[in-house]
Amino acid sequence: MDETTLNLDVISRQLLARIRGLHGAGVDWLPKEAPLPVVESTPIVATSESLPADSSFDIVEQPQSEAALSLEERLAALQALAVEVKGCTRCAELCRSRTQTVFADGPPGAEVCFLGEAPGADEDASGTPFVGAAGQLLNRILAACGFRRDEVYICNVVKCRPPGNRTPLADEADNCRAFLVKQLELAAPKYIVALGGCAATNLLQTTLSIGKLRGRFHDYKGIPVVVTYHPAYLLPHKHPEKKGDVWNDMKMLLEKMGRPIPVRSG
Ligand code: SF4
């Protein structure tokens with residue numbers, strides 16, 4: 001076999017592997033204009049934060065930096081990550097009680113990511129985050145800010161429902177952190193809103209209370225983070241009087257984003 005034929009054979013096999021990988025991740029079409037990238041034989045560098053010590057915890061390796069990936073490639077990588085999450089059994093109690101894993105709602109490349117703590121009963125049943133009572137309130141907060149729900153990215157610290165809707169334990173959040181880190185790298189929001197103390201403390205790796213974290217921007221890997229109350233905390237039987245604080249936090253975000261601040265009707 002001459003050198004040209006040999007190179008073509010290598011490229012064909014790389015393309016075939018790439019197509020199989022995308023297909024396995026649930027991608028069954030690609031835009032006509034998007035050239036299929038040739039898989040480089042660059043060694044994968046895993047940081048201590050992006051992968052847990054447990055080698056059985058297989059995160060899909062990314063041969064390119066996420067910033068260099070196209071939207072289609074990021075979508076495919078997120079779909080592959082969701083498949084990894086679906087098979088995860090690291091939290092014994094959660095994977096016994098869950099109906100299904102709840103990965104995310106929204107497109108990669110969304111400008112804002114809203115991060116909650118864990119799926120509840122409605123989310124566990126539907127497979128979509130923030131669809132229950134708290135989700136309905138989040139939808140109203142989004143609408144008040146001028147966001148469409150389908151233009152933001154929504155996910156949780158842990159992907160499985162804790163029994164009785166309890167707050168995730170520290171080791172459960174730690175178990176799921178590599179998934180969250182990779183998910184945020186691939187979704188690549190420009191801003192993150194941490195909804196509630198669990199989301200804030202786990203994302204920012206801090207022990208400060210939500211009261212001390214609100215009212216200013218924090219940093220997660222160069223992404224500005226706003227901390228505010230979880231919508232479930234604002235429900236009528238809890239602390240609806242805190243809605244004004246959430247609105248102030250959202251106004252701070254909108255101002256930083258350079259978006260108009262709607263006049264609040266009530
Ligand atoms: S919460 Fe996360 S780490 Fe725990 S079992 Fe579910 S997917 Fe796995």
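**Fold, core and ligand shell of a predicted model**

From the N terminus on, the elements of the protein run α-α-α-β-α-α-β-α-β-α-α-β-β-α. The model is predicted.

Student: How do E4 and E5 run, parallel or antiparallel?

Tutor: E4 (residues 218–220) is joined to E5 by three bridges, and Tyr220 stands opposite Ile223. The hairpin of E4 and E5 has two residues between the strands, and Lys221 takes a positive phi near 50 degrees. The two strands run antiparallel.

Student: Which residues touch the most other members of the largest nonpolar core?

Tutor: That core holds 57 residues. One of its most connected members, Ala194, touches Leu115, Ala199, Ala200, Leu203, Val225 and Val227, leaving out residues up to four places away in sequence. In soluble globular proteins, nonpolar side chains tend to be buried together. The members that touch the most others are Cys113, Phe114, Leu115, Val193 and Ala194.

Student: Which helix supplies the largest share of the shell around the ligand?

Tutor: The ligand is surrounded by 14 residues, and the closest are Cys88, Cys91, Cys160, Asn175 and Cys176. By type, the shell divides into nine nonpolar, two polar and three charged residues. Helices H3 (92–97) and H6 (170–187) each supply at least two of its residues. The largest share, four residues, comes from H6.

Student: Why does Arg149 count as partly exposed?

Tutor: Arg149 is in the loop between helix H5 (133–145) and strand E2 (153–156). A residue is buried at 20 or more C-beta neighbours within 10 Å and exposed at 12 or fewer. Arg149 has 15 C-beta neighbours inside 10 Å, so it counts as partly exposed.

Student: Which residues is Arg149 in contact with, leaving aside neighbours within four places in sequence?

Tutor: Arg149 and Asn139 are ten residues apart in sequence, yet their C-alpha atoms are 6.6 Å apart. With neighbours within four places left aside, the contacts of Arg149 are Asn139 and Leu142.

Student: What percentage of the residues of the protein count as buried?

Tutor: The protein has 266 residues. Among its contacts between residues at least 6 apart in sequence, 69% join residues at least 24 apart. The buried share of the residues is 33%.

Conventions: Residues numbered from 1 in each chain as written. Predicted model: local features only at pLDDT ≥ 70, side-chain atom pairs only at ≥ 80, totals over all residues. Contact = placed C-beta atoms within 7 Å. Core = buried A, V, L, I, M, F, W, Y, C linked by C-beta atoms within 7 Å. Near = placed C-beta within 6 Å. Nonpolar A, V, L, I, M, F, W, Y, C, P; charged D, E, K, R; others polar. Pairing = 2+ DSSP bridges.
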